[in-house]
Amino acid sequence: MRKIAFLFLLLFLPFSAIANEPVMSLIVWAKDGTKVAYALCEKPKVTFTETDLVITTKGVEVNYALEDMARFTYESNNEANTIVNLQTNEFPFKLSEDTLLFPNLEANSTISIYSLNGMFVFSKTVCQGGEYASPLSNFATGVYIVKVNSLIYKIAVK
């Protein structure tokens, strides 16, 4: 019986240790007090243009106007696993193979989608706040620029 309990303990301990490990995140702080976290396991790449801070992760690129940014830091956060708005603890969007889902848009938010060469593809102003889904099934395979109010994302449609 002791051997079984010991084996069970040996098998269980590594999983509990992994589950409790903190996740390191890159935190981008805006001057208005909002902040967004990028889990380091997503390997966020930080670059700058003349006017923007650019964060690139797996399939997503977000541009922040430097004039609106306060700083970026690295912190430990057990709940971070993707791009998350830490002020509201919500995802700005979720991307699946055929849908771009915005789970919590503010009323009168405008979503604009452009091809990588800047050609207009789609635009929608959401009158009521809440969830909005944009189907991607009619989009050709490629990279698109998604602008939601003042944030700009780059997505890949496969």
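S134 touches D98, T99, L100, I113 and F122 once residues up to four places away in sequence are set aside, a contact being a pair of heavy atoms within 4.5 Å. This residue is found in strand β12, where strands (E, at least two residues) and helices (H or I, at least four) are DSSP runs numbered from the N terminus. With a relative accessible area of 1%, S134 is buried; buried means under 20% relative accessible area, exposed over 50%, and partly exposed in between, with a 1.4 Å probe and protein chains only.

The model is a predicted one, in which local features need pLDDT of at least 70 and side-chain atom pairs count only at pLDDT 80 or more, whereas totals for chains, interfaces and linings use all residues. Residues are numbered from 1 along each chain as its sequence is written, and side-chain values use heavy atoms, with hydrogens and water left out.

One of the partners of S134 is L100, whose place is in strand β9. L100 is likewise described as buried, with a relative accessible area of 1%, and, leaving aside neighbours within four places in sequence, L100 is in contact with F93, K94, L95, I113, Y132, A133, S134, L136, V146 and I155.

β8 is joined by two bridges to the antiparallel strand β9 (residues 99-105), and L95 stands opposite L100 of β9. In general, strands of a sheet pair through backbone hydrogen bonds, either parallel or antiparallel.

A second open sheet has seven strands in the order β3-β4-β5-β14-β13-β10-β11, with antiparallel pairing. Here the edge strands are β3 (45-48) and β11 (120-126), each of which pairs on one side only. From one strand to the next the twist averages 20 degrees, with axes taken as lines fitted to C-alpha atoms (for helices over the stretch in contact) and angles running from 0 to 180 degrees between N-to-C directions.

Within this sheet, β10 has five of its seven residues buried, so this strand is largely enclosed by the rest of the structure. On one pairing, β10 and β11 run antiparallel and are joined by six bridges, with S109 standing opposite V126 in β11. The hairpin of β10 and β11 has four residues between the strands, and in it G118 takes a positive phi near 95 degrees. β10 also pairs with β13 in the antiparallel sense over five bridges, where I111 has V148 of β13 as its bridge partner.

The structure holds one salt bridge, defined as a side-chain nitrogen of Lys or Arg within 4 Å of a carboxyl oxygen of Asp or Glu, and it is formed by the side chains of K154 and E61 (3.3 Å, N to O). Because K154 lies in β14 (residues 151-157) and E61 in β5 (residues 60-65), the pair ties together parts that are 93 residues apart in sequence. K154 counts as partly exposed at 24% relative accessibility, whereas E61 counts as buried at 17%.

Taken over the whole protein chain, there are one helix and 14 strands, and buried residues make up 30% of the 158 residues. Among contacts with a separation of 6 or more, residues 24 or more positions apart account for 50%.

Methods
Two strands pair if DSSP finds at least two bridges between them.
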